[in-house]
Amino acid sequence: MFDLEALFLSLKLAIWTLVLILPFGIWVAHSLRHLVKGKSWIEAGLALPLVLPPTVLGYYLLVGLGGKSIFGIPLVFSFAGILIASLIVNLPFAIQPIQRAFEAINPEILEAAQVSGLSNWQIFRLIELPLAWRGITSAAVLTFAHTLGEFGVVLMVGGAIPGETKTVSIAIYDKVQSFDTTGAGALSLILLSISLIAIALSYGIFGRSSSRQRGGRA
Amino acid sequence: MLKIKILQATPNPLQIDIECAPGELHALVGPSGSGKTSVLRTIAGLSQPHIGKIACGEHVWFEANELEGVTKSLSPAERSCGFLFQQYALFPHLTALENVCIPLQNSGMNVAKRKEIAIGWLNRMGIDELANRLPHQLSGGQQQRVALARALVKKPNALLLDEPFSAIDVPTRQGLYQILAELRGDLNIPIILVTHDLREADLLADRITVIDQGIGLQTAEPHVLFQKPRNSRVAELVGIGNKFEGVFSSGKLSWNDSNHVFEVVDKGKIPPKTPVAWVIPADGLSLHPYATANTIEAKVEHISTLGQIAVVQLRTLEGKHAISWEASAAELRRLGLELGKNTYVEIDGAKIHIMPLRTINDPRRFVDSVSKAS
């Protein structure tokens, strides 16, 4: 009844996506804070996956990753292919909350850090990162939940190869197609539970921390 | 000695030339938006002027001229100033102790030693028992003390205070004045205080620079500033009420719209028949119940009494000039002053201070002086 293989594949994809996208998201979001020229263009580009139909994005990725692909080897219908697709699809979910969190830090606090003699790296590590951790957690939860549920792009790029590209969302679709409503229902319930736990956990953390964080702009 | 000469046209104009000796408290006073905080930020290295030189003792922190642009600019860390922000700017995720430890991060000391020094400063500020509290768990005054401890813990080269008392209540303010007064002697570093409160500047500062629209109009000791403002705008900014206009000619000052002529001190600096502004300090004014040869008749327009102090607003019959006079309630009774009644004002010509109606600030001369200093 349970397609554990699909479930584990989805979890593996979500964890890999998270591990790769969070450092990149923090770097991009932090750089955007200090960027003046061309910022709007970059922001628009990063937000594109939000509004682009998954089939359109999937089509371009299929073209880009197929054949020898831009990486020199064919990546379609492979785990690496759906991982790249997942990273691109999740860019806005990972970057925007972190960017908002960095921007919410009062500039005077960063100036206080400068006059206190901290280096840029120390300011980032000791001041900005701890103050932006709510945004980072939010980005992580959104990315994780979104990756678990991603369907269109993954199907376009990866197809439904069991153990390689058949994620839990595709497994649910397959089960519905083959009238296995019990199996589809069980997998859906698992996805729903994981998503609920992730969101509840994230909101619970935020609730407890809201009174601590007073460094944001009014 | 901290020497600051800065000039810029944009984004906000600045033309400042001040010096502050170790142990001296120098106040920058001016209305909101006059550029006081910009000066402080420039000293700390948080922003750069177009032209100028900032030096502390033998060490040049910043140097820029018209031809070469910026030739030297140390980072805020290298300048090592203690900066007290108006809204404290404590790190909200760190405890009071951790906040004070931050400037010692690169001191080479181990964590235990850093904490020991930080605790010592919190103790000196009288808040060591609050060491483990987060900033939002502290009152405004307590936060300010933590911020002051953080500014001083690394033994800064200069202390820069940006409106440090504006966000705290009056009783707490008195306590902080006391701390600042004690620290001055002990630290022996230049202290620059930005404030819009003249009384505060008068109370705390050795010297005051009046700033308006980014331009330093006058630097003087408080009593000199209040008695002898350099020009009409300074008089206005330092709140001198009895400011009038007239024409000066060889020791004689004729009051506009009046036949009254005062014999005043002529230093030979002002050409004949020059329109001038003039002020008269409180001790140069006296009121009499009867007319004498030197008195001017005036009508009592308003009397406001606050405790034992009364402020009387008078209007001269000739020229309709408004004169403000401060007196004790007892003196008010002695003179029998009442609303609508006439009285006689005597102005002591020897106490009159004459000044130009406006000062011409020539940026070119300033640029030249910066070049010479370099």
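Hi everyone, let me start with a helix. Helix α1 of chain B, residues 36-44, is mostly covered, with seven of its nine residues buried. The buried ones are K36(B), S38(B), V39(B), L40(B), T42(B), I43(B) and A44(B). Just after α1(B) comes G45(B), which takes a positive phi of about 95 degrees. Please keep in mind as we go that this is a predicted model.

Which residues does L160(B) touch, leaving aside its neighbours within four places in sequence? L40(B), I43(B) and A44(B) are among them, and so are C81(B), G82(B), F83(B), L84(B) and I192(B).

That takes us to the cores. The largest nonpolar core has 141 residues. L160(B) and I192(B) belong to the group with the most contacts inside this core, together with I98(A) and V100(B). And which helix gives the most to this core? That would be α4 of chain A, residues 79-103, with 12 residues. For chain B, there is a domain story too: domain 1 (2-230 + 361-373) and domain 2 (240-356) both give residues to this core, so the core lies between them.

Chain B has an open sheet of five strands in the order β14-β13-β12-β15-β21, and the pairing is antiparallel. At the edges sit β14 (261-263) and β21 (353-356) of chain B, each pairing on one side only. On average, neighbouring strands in this sheet are turned by 40 degrees against each other, direction ignored. Let's zoom in on one pair. Strand β12 of chain B, residues 243-249, and strand β13 of chain B, residues 252-255, run antiparallel and are joined by four bridges. Within that pair, F248(B) stands opposite L253(B) in β13(B).

Last topic: where the chains meet. The contact takes 18 residues from chain A and 22 residues from chain B. On the chain A side, the elements that give two or more residues are α5 (107-115) and α6 (120-131) of chain A. The largest share of that side, six residues, comes from α5(A).

Definitions and conventions:
Residues are numbered from 1 along each chain as its sequence is written. Chains are lettered from A and ligands numbered from 1 in the order in which they are written. This is a predicted model: local features need pLDDT of at least 70, side-chain atom pairs count only at pLDDT 80 or more; totals for chains, interfaces and linings use all residues. A nonpolar core is a set of buried Ala, Val, Leu, Ile, Met, Phe, Trp, Tyr and Cys residues joined through C-beta atoms within 7 Å. A residue is buried if 20 or more other C-beta atoms lie within 10 Å of its own, exposed if 12 or fewer, and partly exposed in between; C-beta atoms are placed from the backbone. Domain bounds come from an automatic or database domain assignment. Two residues are in contact if their C-beta atoms, placed from the backbone, lie within 7 Å. Two strands pair if DSSP finds at least two bridges between them. Axes are lines fitted to C-alpha atoms, for helices over the stretch in contact, and angles run from 0 to 180 degrees between N-to-C directions.
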